[in-house]
Amino acid sequence: MASCPKNSILYNGSHCACQVGYFLNLTSNSCITYTGSSAIQTDSGIDYYAASFPENFFSFDSIRKFTQSQAVFLEATLVMLLSWLVFCFFLRFTKLGDGRNVWFKIRWWISRLDVCFATRHWLDDQKLVVKRKTELGGTFSIASWILFTGLFAALLYQIIAKRTIEVHNVKATNAPDLASFRNDMEFNMTTVSSMSCLNLQRPTTLLAGSSGFINGKVFPISNFLNFSCYNTSLGPTITLKCSNCRLNQDYMSISWQFVDLPNSPASAVGFQFNVTTKDHTRGGHLSFVSGTLKNGSNFDDSPVTFRGVDTNVLIFNLFPHIYRSANDLRLIQPLFHEFVPGSVLHETSQLQASLERASDGKINTTLYVNYLSSYIIETENQTIIGAVGFLADLGGLYCISMGIFLYLLVQVIPVSVEFIILFFLSSFTLGFLVKL
C-alpha cells in the first residue's frame, strides 16, 4: 500500500483522503489548506472620466497619494506665507550702509513689488522730489498673492476631487423597459477540491420560476445556457454562459452534483464564484461580483469540508441598472446575496465516517438567481460646480486675499479713504456680477 500524503487520513483500509479543511495539491502531492480571502468584491466597471483633462494630463491620481485632502495645500500656503513675512521682518533690522549694499537693494526691490496697493512707483521715481516708498506695501502684496495662490490650489483640488455627485433614481418597470436589457452573462463556480470534471454529473434541466408555484416550469438547460466544465489548479470550474440574454423569469435555479470516484472522493473545502455581465452591443463596460466561500458558518473561520447529501445553495440577485451618464448604458447588475451551506464536516472523525458511507459520496450545489425586475435603478453623474460657480469662488478668494492685507496695511500706513472705498466697492461689484 502506498503511503498517504501529509495531512491526510486513511479510510476503508487502503484509501487516502485529505483531512478536514485540506485538499490535495497535485504538484507537490501533499494536502494543503485553502487560504483564499473570504471578502466579496463587486464593481460596476463604469468609468465616466475616461477623457478627463485634469486626470489624464496632470496625473491627478498620483498627486492624490501625497495630498489626501486640501488641508495639505492650505498648510503649505501657511508655511510659505509665514516664511515670507518673517524674511521681510528680519530685513527691517539689516544695516543699509551707504545704500549700495545687497540688503538695501533687496528692500528697494520689495518696495517695488507693491503691485496690489500702489502702482505708480516708476512714475513717482521720475519726479524731481522722490517720495520715500514703504516696503510694507511690497511685503503685503506678495503675501496676498501667496495666500491667493494657495487658496486657488485648494479650490482646484476640491473641484477635481468632488466635481460630481452620483444621483440614483428608482422607478417601476414595465415589459418594454425590461425587453431593452440584452446582456451577455457568465457564471463561473469553482469547487475548491481535489476533484476533477470526471466527478461531475452534468445537469440537463433548470427550473424557471418558483418551485411549487404555477409559474414554476422545468426547461432543458440548452434553451437558456451553455454549460461547461474545465479543470483548474483549485478544482473543477463550472461555467454557465448566456449570450444576448433576455431574462423573462424572476427566479431561476440550476443544480449539479459531484460524486465519488475510485481514489477521488467527492469533498470540497470551499467555493469560488465570479459572475460578470456586459451589454451585448457595447462590450467595453461590465459589472461583476466575485468572492470565496470556505466556511459553513458566519461565526468563525475554522476550516471545514463540504460533503454529503444536503445541498449547498449560492443565491445571487440581479437587477436592471441604467447609467444615464454613459449614453444610457444598460447593465444587469449581479450581487451576491447569501450562501446556505449544505452538509458540512468539522471533525476528522466525521469526515472518516462519511468517506466510509456510500450514501454520503456526493456534493450537491445549487445556483439560485433572483431577478429583481420590479424596479430599475437609474444612475446619473451631475456636476456640482460649473463655470459660473468656479468664477464666483475665484473672485471671492481674490477679495479675501487682498482685503486681509489691505486692512493690515491701513493700520500701519495712512491710505486715502477714497482708495479704500473704491477697492471694496469694486470687489463687491465683481463678486456680485460673477454670482449672477
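The largest nonpolar core of this predicted model has 42 residues, a nonpolar core being a set of buried Ala, Val, Leu, Ile, Met, Phe, Trp, Tyr and Cys residues joined through side-chain atoms within 4.5 Å. Buried denotes under 20% relative accessible area (1.4 Å probe, protein chains only). The residues with the most contacts inside this core are M189, L240, W256 and L367. With neighbours within four places in sequence left aside, L367 is in contact (heavy atoms within 4.5 Å) with F187, M189, L240, M252, S253, I254, W256, L314 and F316. A second, separate core of 17 residues includes L91, I146, F148 and L155. In soluble globular proteins, nonpolar side chains tend to be buried together.

The protein chain contains 10 helices and 21 strands, taken as DSSP runs (helices H or I, at least four residues; strands E, at least two) and numbered from the N terminus. In helix α8 (residues 348–355), the buried residues are L351, S354 and L355. These residues line one face of α8, because they fall within an arc of 100° seen down its axis, the arc being that of the directions from the helix axis to the C-beta atoms. They pack against β1 (8–11), β2 (15–18), β16 (305–306) and β19 (344–345).

Of the 436 residues in the protein chain, 40% are buried. Among contacts with a separation of 6 or more, 75% are between residues 24 or more positions apart.

Residues are numbered from 1 along each chain as its sequence is written, and side-chain values use heavy atoms, without hydrogens and water. Local features need pLDDT of at least 70 and side-chain atom pairs count only at pLDDT 80 or more, whereas totals for chains, interfaces and linings use all residues.

Conventions:
Buried means under 20% relative accessible area, exposed over 50%, partly exposed in between (1.4 Å probe, protein chains only).
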